[in-house]
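Please consider the sequence and the structure shown below.

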Amino acid sequence: MNQNSSAAVMTEQQVYAARVAALTAKLYSEPPKACVITFGCQQNVSDSERLKGMLAQMGYRLTDDWRNAQLILFNTCAVREHAEDRVYGNIGRTKAVKRQNPNAIVGVCGCMAQRESVAEKIRRSYPYVDMVFGTQVQYRLPEFVYRRLSGGERVFERALENGEIPEDVPILRDGTLKGWLPIMYGCNNFCTYCIVPYARGRERSREPEHIIAEAKEMIAAGYRDITLLGQNVNSYGKGAAHGLDFAGLLRQLNALEGDFVIRFMTSHPKDCTKELIDTIRDCEKVSHHLHLPFQSGSDRILRRMNRQYDRAKYLELIAYAKEQIPDVSLTSDVIVGFPGETYEDFCETLSLVKEVRFASLFTFIYSPREGTPAAMMDDPVTREEKGVWFDELLRVQEQIAAEDEKRFSGRTYRVLCEGKGSRDGFLSGRTNGTAVIEFPGEASLIGEFARVQVLSTEGGLKGVILS
């Protein structure tokens, strides 16, 4: 989709948005309300901001109270079974809304909606759901709402177009200081446990000029903390005609005028390069935080996961990052109990955690996803035993975090005052990495950067603003 075709597509959706506004004006005596309920990762949160932007364009007022909404939209996650169960439970509760107001619209979108089995289940078991549409056609929300409001059949659209990304989708952001900036969508890695490539399609990178333009808009609007998003930001630009890779994009964003911090996630170790680490080191606006999921410390399990790197390569990257960026904050993801994992394999994960000493970990017990290769692998270890391993990992990480927290004592950091702290009269903000500090300060400082010295590490970091 070139620039002209993208503009034509969005112009068409604007026409549908105007038609929706005209229809709802006849149905309701005041502007209708819409509620977007988001499950899952930061990418889903960012997608929901675009969904909300389109709803506002259609004349809907946004609300968090789904019971009084005339349109309810669930933006879903398919990564774990528990998330799907929560979605079905919430969908079931909307039946009462439809009973009270037959003109109300209930929709399900996102990763879960992309799965054929989910769409079919909703078609059969939830007849009051009006729209089910996948990740790559979300920009057509005005069209789908119009079709349903004008008496059309239920909407089921799940095409994975895998083309270029439509730009100029209106955005209604949730925050005012911290914001999400997607740079790419989809994934080409096909880790054996992961449903994302099937739910979001193949990798597609946004054009650099669109990313830069959106970043400038965010900076001008007062955003001070911008997180770049992608399933694998390290592969940004692969195969694109512009020839810009992720390190180059970071350098261009770093050169923009303004006082702000750049963060990013998620990185895949197979595509993480020393050049990227050098870029983080050299760019003063890029956070010294590297989220680099290793998933398992066992080479045997990494091969079963199709992660395309080994323990030695991962540790080499970590060693280089620590050498070049001494204050780097390292975080990661770990799956416990992958099919075929033994306790010996798990102990290799423990030893890697002890060697790297992460600031924090996102830890999960393996959850099978229908349609992935791992779901068909033998999995002889019981859930109870995996739970024992999981608890052991948590204890190790908690001890590391408690020991390493002491190194912050007495040090001074440049901190964005993000909001009020947990105690009256205190503010809260993060270091250049991920550590959160609370410190006395006036609310007028929120949104400003301050030099904060850590005075105590007991029960969390506490500090004071230096004049």
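At what angle do helix 10 and helix 12 pack, and how far apart are their axes? In this predicted model, helix 10, formed by residues 274-282, packs with helix 12, formed by residues 311-324, at an angle of about 25°, and their axes are 10 Å apart. Since angles under 35 degrees count as roughly parallel, helix 10 and helix 12 are therefore roughly parallel to each other. Their crossing is right-handed. Helix 10 contributes Lys-274, Ile-277, Asp-278 and Arg-281 to the contact, while helix 12 contributes Glu-316, Leu-317, Tyr-320, Ala-321 and Gln-324. By class, the residues of this contact comprise 4 nonpolar, 1 polar and 4 charged.

Helix 12 and helix 13 pack at an angle of about 10°, with 11 Å between their axes. That angle makes helix 12 roughly parallel to helix 13. On the side of helix 12, the residues involved are Arg-311, Tyr-314, Leu-315, Ile-318 and Lys-322; in helix 13 they meet Glu-348, Ser-351, Leu-352, Glu-355 and Val-356. The contact of helix 12 with helix 13 has 5 nonpolar, 1 polar and 4 charged residues.

An α-helix has 3.6 residues a turn, so residues three or four places apart point the same way.

Although Gln-295 is not a glycine, its phi is positive, at about 70°. Is Gln-295 buried or exposed? Its relative accessible area is 7%, and because buried means under 20%, Gln-295 is buried. Asn-306, in the loop between helix 11 and helix 12, also has a positive phi, near 60°, in a residue other than glycine. At 29% relative accessibility, Asn-306 counts as partly exposed.

Strand 11 itself contains Phe-264. Phe-264 counts as buried, with a relative accessibility of 3%. Which residues does Phe-264 touch, when those up to four places away in sequence are not counted? They are Thr-227, Leu-228, Val-233, Phe-246, Leu-250, Ile-280, Val-286, His-289 and Leu-290.

Gly-179 is placed in strand 7, which runs over residues 178-182. With 3% relative accessibility, Gly-179 counts as buried. Leaving aside its neighbours within four places in sequence, Gly-179 is in contact with Met-218, Tyr-223, Asp-225, Ile-226 and Thr-227. Thr-227 is also one of the residues that Phe-264 touches. The C-alpha atom of Gly-179 is separated by 26 Å from that of Gln-453, 274 residues apart along the chain.

Helix 3 (residues 81-93) and helix 5 (residues 116-125) have axes that come within 13 Å and cross at roughly 20°. Helix 3 and helix 5 are therefore roughly parallel to each other, and helix 3 passes helix 5 in a right-handed crossing. Their contact is made by Glu-84, Tyr-88 and Ile-91 of helix 3 with Val-118, Lys-121 and Ile-122 of helix 5. This contact of helix 3 with helix 5 has 4 nonpolar, no polar and 2 charged residues.

Technical notes. Residues numbered from 1 in each chain as written. Predicted model: local features only at pLDDT ≥ 70, side-chain atom pairs only at ≥ 80, totals over all residues. Heavy atoms only, no water. Axes fitted to C-alpha atoms, helices over the stretch in contact; angles between N-to-C directions. Helix = DSSP H or I, 4+ residues; strand = E, 2+ residues; numbered from the N terminus. Parallel < 35°, antiparallel > 145°, perpendicular 65-115°, else oblique. Left-handed = near helix turned anticlockwise from the far one by under 90°. Contact = heavy atoms within 4.5 Å. Nonpolar A, V, L, I, M, F, W, Y, C, P; charged D, E, K, R; others polar. Buried < 20%, exposed > 50% of the residue type's maximum accessible area, 1.4 Å probe, protein only.
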